Amino acid sequence: MCIAVFIWQNHPLYPLLLLLNRDEFHDRPTKPIAWWEGCEILGGKDELAGGTWLACTRNGKLGFLTNVMEPPPVPEGKSRGGLVVQFLKSRKSPMEFAQEMIREADQYNGFNLVLTDIHAKTMVYVSNRPKGKPISVQVVSPGIHVLSNAQLDSPWNKAQRLSQNFKELLDKYKEDKGEGEVPMKEMVKELMRDTVRADESKLPGVRSPEYELKASSIFVEFDTPKGRYGTRSTAALSVTTSGRVSVYEEYLEKETWKVQTVDYQIIENVKEAE
């Protein structure tokens, strides 16, 4: 499970502002956000499957992913995190990549995938759920959106809570600081550490009530028979109108929270990794 909130092409300073909580088992081998060796990709890495939940490139491409809440996944399903890597390494536009992957989307467990090209001002959402329905491919409109573990902007309790709190915080910064410069560390603290759970009557009813209740908060943490599970990292990514990218990350390493920031300038005509 993961959750992301973002504002796209609807802010005076930032074409994109994104905050994302990655939820996973605490003992799953993971690398924090960093530049990948041998290519122009900046992102975290799932060392078990080799994919990522969030990554971007020097030439302005970006992708992020959440899983769909459904009965336990099929073990032989392809790595969903590999989809982000494939897109970033390709020369395809978000829509070209989305249309191409329709043919193999049923080989994956349920996913929500967002593909972005900052230069082209294009963002596309792709999902292979609900199961048995045509693959969902849509251009993401300007504005605030939340992606949890159902389709984009599904009215789940925690998604609505995060969307409303995000909007209120952006409005507050605009009032306090004129154009609305956003302190990313404060955004993480105010929005992404929220442990308030949903009322049981507002759970989606996909898995057991006990599991859904524990996963119904924005920041997740609970024990399972397979080990401790919950929010492993939070990333806050901003892209300015001048193409400056800043990624602030708080992440767990050996049960200790650590912090880092990575900044870079988007440049054109960077050759993607083959």
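## Exposure and a loop glycine

Buried means under 20% relative accessible area, exposed over 50%, and partly exposed in between (1.4 Å probe, protein chains only). At 63% relative accessibility, Gly 205 counts as exposed. Gly 205 sits in the loop between H4 and helix H5 (209–214); helices (H or I, at least four residues) and strands (E, at least two) are DSSP runs, numbered from the N terminus.

## Basis of the model

This is a predicted model, in which local features need pLDDT of at least 70, side-chain atom pairs count only at pLDDT 80 or more, and totals for chains, interfaces and linings use all residues. Residues are numbered from 1 along each chain as its sequence is written, and side-chain values use heavy atoms, with hydrogens and water left out.

## Nonpolar cores

A nonpolar core is a set of buried Ala, Val, Leu, Ile, Met, Phe, Trp, Tyr and Cys residues joined through side-chain atoms within 4.5 Å. The largest has 31 residues, of which Leu 19, Phe 166, Val 182, Met 187 and Met 192 touch the most other members. Two or more residues each come from strand S1 (2–8), strand S2 (16–25), helix H3 (157–177), helix H4 (184–192) and strand S12 (227–239). H3 gives the most, with six residues.

A second, separate core of 28 residues includes Leu 62, Leu 152, Val 239 and Val 247.

## Backbone features

Arg 129 and Pro 130 are joined by a cis peptide bond, with omega about 5°. Pro 130 lies in the loop between strand S8 (122–127) and strand S9 (136–139).

Gln 9, not a glycine, has a positive phi of about 50°; Gln 9 is partly exposed, at 26% relative accessible area.
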